[in-house]
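Have the sequence and the coordinates open side by side. This report goes through one structure, piece by piece.

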Amino acid sequence: MPHDSYKALYLHIPFCVKRCGYCDFATQAVARDSSLIDEHVEDLCLQIRRKAKEGELGEIETVYIGGGTPSHIGMSRLSMLLYTLSLSMRLEPDVECTMEANPESLDERMVRDIWALGVNRLSIGVQSFDDAVLQTLGRAHDADAARRAIAVAQERFDNVSLDLMCGIPGQSVESFAASVDDAVCLGVTHVSVYPLTIEPFTRFDKMVARGELEEPDDDVEAEHMEIAERILVEAGFHRYEVASYAKPGFECRHNKAYWTGVPYLGLGRAAATMTQNAERRMRVQDGVVTDDLDPRQMAAEDLMLGMRMSEGVSQELIDRAAVLIPRMSEVVDDLVDRGLAFRDGDRLKPTKQGWLCGNELYGALLDLAP
Amino acid sequence: MSLEALVCRLAPYERQVMANNAQEATHDPTHIRNFSIIAHIDHGKSTLSDRVLEMTGTVAKRDMKDQLLDSMDIERERGITIKSQAVRVDYTADDGQVYQFNLIDTPGHVDFTYEVSRSLAACEGAVLVVDATQGVEAQTVANAMMAMNANLEIIPLINKIDLPSADPDRCREEIEDGLAIPADDAVLASGKTGEGVHDLLEAVVYNIPAPTGEADAPLRALIFDSYFDAYRGVVALIRVVDGSIRKGDRIRMIATGVNALVEEVGARRPAEVPLDCLSVGEVGYLVTGLKDVSQVKVGDTITMAEGGVSEALPGYREAKPMVYTGLFPIDSDQYEPLKEALEKLSLNDPALIWEPETSHALGFGFRVGFLGLLHMEVIKERLEREFGLDLLATAPSVEYRVHRQGGEVLSIRSPQEMPDPGEIDFIEEPYLKAKILIPPDYVGAVMDLTVQRRGVFTTMSYLSQTTVEMLWEIPLSELIMDYFDKLKSSTKGYASLDYEFEGYKPSELVKLDILLSGKPIDALSFIVHKDKAYDRGRVLCEKLKEIIPRQMFEVPIQAAVGGRVLSRQTVKAKRKDVLAKCYGGDISRKRKLLEKQKAGKKRMKAIGNVEVPQEAFMAILKVDD
């Protein structure tokens, strides 16, 4: 279908050194020298070239190389990938280009080389600075490795992000708070904080079922989320999305694209692509259409995604939705009455309560156009 | 080759098929055998019936579906029979003669005792099936008693002898000691392998008497089941006792006084085969064209409209509901569809009665009366499955008699109808006579449990060395509170239970209210004995605390009698729900998750602003003492 230009590009690297107990992402533990990785990278490069020739990469403003663990595949493949990318699209400093890395596979050389090849943001999967907690999670690094990786990254990158996890069995409030403090002290500019979720078919899921692992407690997770906000806001971070904190000017533009209805192209196995025009929005993953939305559903989805962000949604967006969905204003009033959202000037924004009980808030919005 | 020679060379099975095709069946009453197969639940009655159909060639093997006679999905799934069935089978006996067998399958559950008794009245004999691994159980005794009361010749059959744990000798002993039925000649059979089924068929020919009746007398026929067919009107299963009935006859139902034209008569093999006439002793179906199944009631007598008899056959009784529950659509748009569905189901089920009910908490719905809990579950399941309704059922209640100051008597079927305590003189509640069979080791456990449930012990006797029969009087309201499950678990599954209505007795009863967020929820209130109110209230509050999910705000749960709070629990406010990543590929997943959550909420009812799941209304049934 004729569609609006993609603005965001996602490249998926589905390989890790090992699979963590909680992980249900599209990835697999594969040795660094496996030919599977070569095949995948070659295939990615070909797809990038093809899309470039088709003119789909002309307006890309953000790139995100995620996984899996992109740093796991080593520098020679990464340089091939990034070189292909720079041949295929405009990869200038104003284009945000993020790469994910894990501490155990990020070294000084890789930092310098990817920087030179156009990556300008690094997101490091730290999860915690407590060795016991890292062991519970089954991570491949320890706290020292994480600190080292961050220091190395900061030699070139001023835009470094960390992932932290809370609500992990055995993780005390003190342990979690100390990890957040560490992130602040290390001087990173962006932090993502997620509560541990037990996903079906993961090793953790089985362990919980067998009683070997305590199930994360919602109250504890809520408390952790509140602690993270207090520490990070005090340190000058801004909570711009329910789980994302940034120093001014360091918000992740690529992720914001997901929450603002911007069309994105995903390449590599399991990567999702969202293609749309004014009449229709489709999401496709591995050749399968996972969503096919009409304008009403698009409007409802944009509101739902928008309410993940602290800036919420504009009255203009609500008004546009109201044209298609008559009970719009009634639902907004109800969300405000229930303390899930509040009005701030001409914007509707989520309250703290709305963020914590996100499913209530998002469910009500998505339900506008089932 | 002559036809005779050909027949001789064929296997008995094919011979049977040929005999059927030749329609050699006789109307001579001496060659008719009407019988029923009776058993405790799960003793293999339906499988055995199937084997009889198969071995007589009535149903070819390739058309066999397991448990053919149970035609409803729910019957097959639950392994129980709800409606009666009658199948005609032609059997060429070892004496070379062809006999017409009418096999009448009866419902297999205590809820349907009356239907069973009418089906038995259509028979001369019964095959009593006893599971060789289980022995005599409560309904074995109850069914055998009913068969004896109906003066039936009983052929004991010990089933499942192919199982390694089969103990036919013990079964024989129990049948003789416990039921006083000679069991030396009991047929040993296996419905699964077909072993012994031939012996059974021969025993039916020789031991079960032929029907007696006057061929020339005016028509009298017993209705032992009826149902509504959208294309043909009410269809009845009948047994001709005297005279004969043919297409075009004008008939009259004696108890209801309704006249009708016979549009068709015939037999089921099991597909319907129209016949000219059903004559004395025969069993078959009758198509009336009537629109309402309550005009053709089970147990009623059919005679000729002109020149018929005036005296009905004995044993007619109105089917009376024992248990009442409120059925409410979760989505109020489904009120009319629910009404239509109830109308449709009651066309076929005269025991199903209902009237509109309004609840502050649940809106508009119906108070529905059932024969028992199984009947209730089956109806609710059919409403949901066959009519696509989402229903909420309130805790079952019984019919109480409230004597008001000043002598007025109210019958109330719902706790909501209970007058203020000040207006009440006294209340009566229904009692049952319950018969419990257990091995002697469990007498103490059953005593404890049943006394706790306000049971009054009547007598106890040893049916055999291994089986004790205990008789109790127990309030129906206690029995419907998962008594049977408790009985089973406190006797390691050995106990079996059978009951019948005893009568009304005065009881000190109070209405217990449940309050959510300070507001009484009428649909959660129930009637309980005064001495139990505190315990039940406390336990129910605890149960509800587990069942009601955390909401965005705190929800206090209180139990109160007449405004006095007996117990309180609090559902804490929800602090956080699932919070997962939501990047590119996660968005589709998130949508699915939220849709699933919404579907989950559909199973809940918003009462005020509290989302209450279905189970909450049934929690009172699961209250441990």
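This is a predicted model: local features need pLDDT of at least 70, side-chain atom pairs count only at pLDDT 80 or more; totals for chains, interfaces and linings use all residues.

Start with chain B. Its secondary structure comes to 16 helices and 33 strands. Of its 625 residues, 48% count as buried. Take the contacts in chain B with a separation of 6 or more: residues 24 or more positions apart account for 70% of them.

**Nonpolar cores**

In soluble globular proteins, nonpolar side chains tend to be buried together. Here the largest nonpolar core has 164 residues. Ala126(B), Leu128(B), Ala147(B), Leu157(B) and Ile436(B) have the most contacts inside this core.

**Helix α11 of chain B**

Helix α11(B) spans residues 443–452. Which of its residues are buried? They are Val446(B), Leu449(B) and Thr450(B). These three sit on the same side of α11(B), because they cover an arc of only 90° around the axis. An α-helix has 3.6 residues a turn, so residues three or four places apart point the same way. The face turned away from the buried side carries the exposed residues Gly444(B) and Asp448(B).

What covers the buried residues of α11(B)? The table lists elements included in that cover.

| Element of chain B | Residues |
|---|---|
| β23 | 424–438 |
| β25 | 467–475 |
| α13 | 483–490 |

Just after the helix, Arg454(B) takes a positive phi of about 65°.

Three strands of chain A form an open sheet with antiparallel pairing, in the order β15-β17-β16. The edge strands are β15 (313–314) and β16 (341–344), each pairing on one side only. Strand β17 (residues 347–350) pairs with β16(A) in the antiparallel sense over four bridges. Where is the bridge partner of Ala341(A) in β17(A)? It is Pro350(A).

**Where the chains meet**

How many residues of chain B are in contact with chain A? The count is 19, and they contact 32 residues of chain A. By class, the side of chain B that touches chain A has eight nonpolar, four polar and seven charged residues.

Definitions and conventions. Residues are numbered from 1 along each chain as its sequence is written. Chains are lettered from A and ligands numbered from 1 in the order in which they are written. Two strands pair if DSSP finds at least two bridges between them. Helices (H or I, at least four residues) and strands (E, at least two) are DSSP runs, numbered from the N terminus. A nonpolar core is a set of buried Ala, Val, Leu, Ile, Met, Phe, Trp, Tyr and Cys residues joined through C-beta atoms within 7 Å. A residue is buried if 20 or more other C-beta atoms lie within 10 Å of its own, exposed if 12 or fewer, and partly exposed in between; C-beta atoms are placed from the backbone. The arc is that of the directions from the helix axis to the C-beta atoms. Two residues are in contact if their C-beta atoms, placed from the backbone, lie within 7 Å. Ala, Val, Leu, Ile, Met, Phe, Trp, Tyr, Cys and Pro count as nonpolar, Asp, Glu, Lys and Arg as charged, and the others, Gly among them, as polar.
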